[in-house]
Amino acid sequence: MKTKLESTMKLIFLLAASVSVAAVALICFFMFANGVPAMQKIGFGNFLLGMKWKPEIDLYGIFPMIVGSLVVTVGAIILGVPFGIMTAIYMARFCPAKFYPVMKHGVNLLAGIPSVVYGFFGLTAIVPIIRSVFGGSGTSILAASIVLAIMILPTIISVSETSLRAVPELYYEGSLALGACKERSVFFAELPAAKSGIIAGIILGVGRAVGETMAVIMVAGNQAVMPRGLVKGIRTLTANIVLEMGYAAGLHREALIATSVVLFFFILIINFVFMMTKKKA
């Protein structure tokens with residue numbers, strides 16, 4: 001009876017794993033089957049390096065949106081990563097025991113907030129501040145970067161804190177025994193030892209920033225042009241797909257699917273870097 005039960009469970013697990021793999025394969029097949037022919041019709045160079053996106057006259061250049069996605073992601077990394085790592089260090093080594101549950105629940109709550117709520121917060125709080133300080137509409141690269149920086153904080157904080165707590169206590173105690181203070185022991189002994197885990201958290205945060213759609217749509221300005229300044233509008237790859245897929249048809253629709261193929265390659269690169277980081281660790 002036990003052997004039969006084990007065989008049944010193994011079959012169930014195999015089916016579950018096969019369904020997951022099949023789902024990914026079907027998604028890839030659909031995207032490539034519809035996206036690659038569109039790139040061939042438009043021309044790979046015209047599509048990837050084209051500067052104008054005007055479906056009404058059959059111009060499908062996504063280079064401004066590629067640059068826009070990269071700029072917004074880099075801005076989120078610059079703003080969010082330092083805060084995330086410092087918060088993780090504080091929670092792992094400096095946070096009082098009574099205050100730690102409050103911090104932990106706050107980080108978990110940030111992770112559970114829907115992206116549209118982040119977008120609404122950015123639209124009603126961040127955009128007006130940028131508008132009053134710098135002028136213009138306020139919907140801009142800076143607003144999108146700030147919102148994304150807040151959104152990637154839970155991932156970076158959670159993974160970084162876990163990595164710091166996984167460092168053997170001997171690192172910290174040995175540093176103290178050699179005469180280092182608590183701060184130097186944390187920053188120069190434990191932090192380097194947890195580097196691979198922290199980098200993994202940053203990479204996962206980057207993946208969240210690249211794939212984010214709704215919040216970016218609400219605060220980025222959605223202008224399919226090359227970045228002209230931090231307080232100017234921009235459109236990302238994800239925003240372009242969502243904004244136009246509802247009414248697109250023919251080559252226009254195929255071009256949007258091809259855009260998703262490009263985005264898929266970005267995510268693959270991020271996952272590859274993540275796997276290489278874990279393998280090195």
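What follows is a conversation about a predicted model.

Visitor: Before the details, what is the chain built from?

Guide: The protein chain has 12 helices and 2 strands. Reading from the N terminus, the order is α-α-β-β-α-α-α-α-α-α-α-α-α-α. Its C-alpha atoms fill a box of roughly 70 × 70 × 30 Å along the principal axes. Of the 281 residues, 40% are buried.

Visitor: Why is Ser69 called buried?

Guide: Ser69 has a relative accessibility of 11%. Buried means under 20%, so Ser69 counts as buried. You'll find Ser69 in helix H3, residues 63-94.

Visitor: Which residues does Ser69 touch, setting aside its sequence neighbours within four places?

Guide: Thr236 and Leu237 are in contact with Ser69.

Visitor: Why is Asp58 called exposed?

Guide: Exposed means over 50% relative accessible area. Asp58 comes in at 52%, so Asp58 counts as exposed. Asp58 is in the loop between strand S1 (53-54) and strand S2 (59-60).

Visitor: Where is Asn222, and what is its phi near?

Guide: Asn222 lies in the loop between helix H10 (214-219) and helix H11 (237-245). Phi of Asn222 is near 55 degrees, again a positive value in a residue other than glycine.

Visitor: Why is Asn222 called partly exposed?

Guide: Its relative accessible area is 21%. Buried would need under 20%, and exposed would need over 50%. The value for Asn222 falls in between, so Asn222 is partly exposed.

Visitor: Now the charges. How do you know that Arg93 and Glu190 form a salt bridge?

Guide: Side chains of opposite charge can pair when their charged atoms come close. The closest N and O atoms of Arg93 and Glu190 are 2.6 Å apart. The rule asks for a nitrogen within 4 Å of a carboxyl oxygen, so the pair counts as a salt bridge. Arg93 lies in helix H3 and Glu190 in helix H8 (residues 182-193), so the bridge ties together parts that are 97 residues apart in sequence. Both partners are buried.

Visitor: Which residues make up the salt-bridge network that includes Arg93?

Guide: Arg93, Glu169 and Glu190 are linked in that network.

Visitor: What makes Glu161 and Lys104 a salt bridge?

Guide: Their N to O distance is 3.3 Å, and the cut-off is within 4 Å, so the pair passes. Glu161 is in helix H6 (residues 141-166) and Lys104 in helix H4 (residues 100-112), 57 residues apart, so distant parts of the chain are linked.

Visitor: Are Glu161 and Lys104 buried or partly exposed?

Guide: Glu161 has 2% relative accessibility, so it counts as buried. Lys104 has 23%, so it counts as partly exposed.

Visitor: How do you know that Arg235 and Glu244 meet in a salt bridge?

Guide: The N to O distance is 2.9 Å; with the limit at within 4 Å, that pair qualifies. Arg235 and Glu244 are both buried. By this rule the count comes to 7 salt bridges.

Visitor: Last one: what makes a nonpolar patch here?

Guide: Nonpolar side chains with over 30% relative accessible area and no salt bridge are joined within 5 Å. Ile269, Phe272, Val273, Met275 and Met276 form such a patch on the surface, with about 490 Å² of accessible area together. Phe272 lies in helix H12, residues 251-280. For the protein chain as a whole, the accessible surface comes to about 15,200 Å², and 72% of that belongs to carbon and sulfur atoms.

Technical notes: Residues are numbered from 1 along each chain as its sequence is written. This is a predicted model: local features need pLDDT of at least 70, side-chain atom pairs count only at pLDDT 80 or more; totals for chains, interfaces and linings use all residues. Side-chain values use heavy atoms; hydrogens and water are left out. Helices (H or I, at least four residues) and strands (E, at least two) are DSSP runs, numbered from the N terminus. Buried means under 20% relative accessible area, exposed over 50%, partly exposed in between (1.4 Å probe, protein chains only). Accessible areas come from the Shrake-Rupley method with a 1.4 Å probe; for residues, only the protein chains shown count as cover. Patches are made of residues with over 30% relative accessible area and no salt bridge: like charges are joined within 9 Å, nonpolar side chains (Val, Leu, Ile, Met, Phe, Trp, Tyr) within 5 Å. A salt bridge is a side-chain nitrogen of Lys or Arg within 4 Å of a carboxyl oxygen of Asp or Glu. Contact means heavy atoms within 4.5 Å.
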